[in-house]
Amino acid sequence: MKKAIIIGAGIGGIALAIRLQTAGISTIILEQRDKPGGRAYVYKQDGFIFDAGPTVITDPNSIKLLFDLSKNRMENYVNLLPIKPFYRLYWGKEKFLNYEDNIKDLEKQIAKFNLNDIKGYRLFLNYSKKVFKEGYLSFASKSFLTINDMLFILPKLIKIKAWKSVYSIVSQFIKNDYLKQAFSFNSLFIGGNPFSTSSIYTLIHALEYEWGIWFPKGGVGALIKALIKLFQNLGGNLILNSQVISIYVNNNKVNKVHLKNGQIFDADIIVSNADIINTYRNLLGQYAFGKKKYMNLIKKKMSNSLFVIYFGLSEQYTHLAHHTIFFPSNYKKSIENIFGKNFSRDNLSIYLHSPSVTDLSLAPTGCSTFYALIPVPNLSNSSINWSEESIKLKNIVFMYLEQYCIPNLRKKLITQRIFTPNDFKDVLGSYLGSAFSFAPLLTQSAWFRPHNRDKNLTNLYFVGAGTHPGAGIPGVIASANITAEIIFNDINL
Ligand SMILES: Cc1cc2nc3c(=O)[nH]c(=O)nc-3n(C[C@H](O)[C@H](O)[C@H](O)COP(=O)(O)OP(=O)(O)OC[C@H]3O[C@@H](n4cnc5c(N)ncnc54)[C@H](O)[C@@H]3O)c2cc1C
């Protein structure tokens with residue numbers, strides 16, 4: 001029986017582990033933290049349950065498929081609840097758009113802003129559906145190990161004008177400034193600047209309307225638990241508190257990993273779900289090729305980071321939507337704030353996650369669980385001292401939320417915790433503290449993204465946000481499917 005080691009229990013690592021174990025490969029996941037999930041970690045604090053990362057679950061079928069592979073039923077492990085509206089978007093206190101869960105109602109919302117844009121919206125939706133068909137249903141399930149793979153899709157990329165940015169494509173169809181923001185912001189969910197990210201990522205809009213937006217009962221942590229339970233029921237082994245510090249190479253093959261606690265595991269197949277740059281720098285840095293690859297990869301552009309405040313309040317708020325986004329008065333400046341050199345506390349975009357609206361079990365009786373997320377620069381912007389900035393930023397965000405949607409927030413505060421770009425670097429081992437690995441630019445996508453298998457070491461593989469197709473839960477599950485196919489092919493399974 002072949003043996004596989006997966007370094008890291010992020011969603012991509014777990015999804016791949018399920019695929020390998022289902023196929024009869026004896027699989028061990030080694031995770032450095034005390035719980036699985038990676039960015040989808042769970043903090044439990046003073047009776048509140050905080051999902052640390054992803055909250056918007058799209059493409060539920062990609063998750064269900066992981067259960068179907070072994071004829072298990074997802075419903076026996078976890079329930080996904082539909083979210084309605086998908087999002088509520090605010091500009092100031094009064095102006096808002098309910099990003100409804102169906103096109104008919106969404107069009108009514110569009111009409112509030114500009115009746116004439118309904119026609120343009122329909123054209124945008126058609127475009128987005130076309131890109132979804134090519135970009136998600138076709139590119140995102142295909143491996144890009146050779147330049148020929150890229151040449152094959154080139155005509156399709158030209159057809160969808162993939163060199164244009166998300167914002168410029170949206171602006172081609174939609175004229176109202178608020179609506180342009182509403183239909184371009186979601187590239188930020190995968191670390192993409194709407195003004196420079198390839199229009200391929202407009203597919204997110206069609207993907208949301210094709211399969212809906214969901215939230216697991218019990219929180220995203222319940223989904224991670226379900227996936228791990230499935231993996232273990234299949235005979236897989238998850239070992240926590242196990243930081244891998246090096247990968248060994250022998251005769252152009254990887255054959256062992258060395259843990260910080262001194263343990264050594266050997267394997268026929270080694271997959272890194274850890275940050276790719278740090279895999280080459282730290283785990284393979286003892287070899288010249290590891291150092292060289294690291295030096296090449298750091299030339300790429302990393303995605304932004306995030307500043308997240310998790311907080312629990314002693315009241316329930318039924319007027320809120322599950323997902324709310326507060327747009328600043330100057331959208332362009334707020335994006336420059338995240339991706340440019342000069343960070344300022346003005347013009348912040350804030351995403352408020354209010355899971356208690358959907359599931360009361362995430363907070364003590366009568367209370368509510370929240371997180372507020374602000375996209376911020378990654379650590380390549382060294383002018384920000386995050387220990388000082390955190391306090392200032394937190395106060396601004398709390399004051400903003402008090403003014404716009406949660407009066408007396410600070411009086412109701414029971415518990416809070418903060419996650420900064422430094423934590424992305426130190427806790428998750430993320431290069432430059434980026435939240436979504438390499439930025440989703442056209443020049444860093446598909447064949448241009450680090451491949452799912454190393455070029456020279458034929459049994460070293462990658463899975464997760466840093467490899468093709470990229471970040472986001474659907475992205476990392478797709479990367480697991482691709483990496484599994486490459487492995488099966490390599491070992492003639
Ligand atoms: C705050 C936030 C909100 C998000 N919201 C959404 C959303 O709503 N919807 C969506 O689809 N996506 C969202 N995303 C993106 C999505 O969560 C990620 O792209 C995805 O979860 C990344 O998964 P991954 O497989 O790349 O692994 P990661 O989550 O990056 O996990 C990697 C794991 O490897 C472990 N590791 C690293 N080094 C070592 C080592 N040396 N030894 C052992 N273990 C190691 C780490 O501890 C970690 O557990 C969000 C991300 C963040 C940060």
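Two residues are in contact when heavy atoms of theirs lie within 4.5 Å of each other. With that in hand, let's tour this predicted model, where local features need pLDDT of at least 70 and side-chain atom pairs count only at pLDDT 80 or more, while totals for chains, interfaces and linings use all residues. Residues are numbered from 1 along each chain as its sequence is written, and side-chain values use heavy atoms, with hydrogens and water left out. Our first stop is Ser479, which touches Asn452, Val463, Gly464, Thr467, His468 and Pro469, not counting residues up to four places away in sequence.

- Ser479 is found in helix α16; helices (H or I, at least four residues) and strands (E, at least two) are DSSP runs, numbered from the N terminus.
- Ser479 counts as buried because its relative accessibility is 0%; buried means under 20% relative accessible area, exposed over 50%, and partly exposed in between, using a 1.4 Å probe and protein chains only.
- The side chain of Ser479 has a polar atom 2.9 Å from the backbone nitrogen of Gly464. A polar contact is a pair of N or O atoms within 3.5 Å; within protein, one must be able to donate a hydrogen and the other to accept it, and residues adjacent in sequence count only if both atoms are side-chain atoms.
- The backbone oxygen of Val476 is also reached by the side chain of Ser479, at 2.8 Å.

**The ligand and its shell**

- Which residues come nearest to the ligand? Of the 37 residues around the ligand, they are Gly12, Glu31, Arg39, Val56 and Ile473; a residue is near a molecule or strand if one of its heavy atoms lies within 4 Å of it.
- Gln32 places a polar side-chain atom 3.0 Å from an oxygen atom of the ligand.
- Backbone atoms take part too: a polar one of Val56 is 2.8 Å from an oxygen atom of the ligand, and a polar one of Gly472 is 2.9 Å from an oxygen atom of the ligand.
- The ligand taken alone exposes 1,000 Å², and the protein buries 94% of that; these accessible areas come from the Shrake-Rupley method with a 1.4 Å probe, and for residues only the protein chains shown count as cover.
- Two or more residues of the shell come from each of α1 (11-22), β17 (368-376) and α16 (473-490).
- The shell divides into 20 nonpolar, 14 polar and three charged residues. Here Ala, Val, Leu, Ile, Met, Phe, Trp, Tyr, Cys and Pro count as nonpolar, Asp, Glu, Lys and Arg as charged, and the others, Gly among them, as polar.

- Helix α11 spans residues 288-297, and its buried residues are Gly290, Tyr294 and Leu297.
- Seen down the axis of α11, these buried residues fall within an arc of 65°, so they line one face of the helix; the arc is that of the directions from the helix axis to the C-beta atoms.
- Ala288, Lys291 and Lys292 are exposed, on the face of α11 turned away from its buried side.
- The cover over the buried residues of α11 includes α10 (276-283).

**Two residues in loops**

- Ser187 sits in the loop between α7 (177-182) and α8 (203-211). Is Ser187 buried or exposed? Ser187 counts as buried because its relative accessibility is 1%.
- Leaving aside neighbours within four places in sequence, the contacts of Ser187 are Val166, Gly192, Asn193, Pro194, Thr197 and Ile204.
- Asn261 lies in the loop between β11 (253-259) and β12 (264-266), and at 49% relative accessibility Asn261 counts as partly exposed.
- A polar side-chain atom of Asn261 lies 3.0 Å from the backbone nitrogen of Gln263.
- Asn261 and Asn241 are 20 residues apart in sequence, and their C-alpha atoms are 9.2 Å apart in space.

**Backbone details to look for**

- Lys84 and Pro85 are joined by a cis peptide bond, with omega about -10°; Pro85 is in the loop between β5 (80-82) and β6 (87-91).
- Another cis peptide bond joins His468 and Pro469, with omega about 5°; Pro469 lies in the loop between β19 (460-462) and α16.
- Lys161 is not a glycine, yet has a positive phi of about 55°. Lys161 lies in the loop between α5 (147-159) and α6 (166-173) and is partly exposed, with a relative accessible area of 34%.
- Leu432, also not a glycine, has a positive phi of about 55°. The loop between α15 (421-426) and β19 holds Leu432, which is partly exposed at a relative accessible area of 23%.
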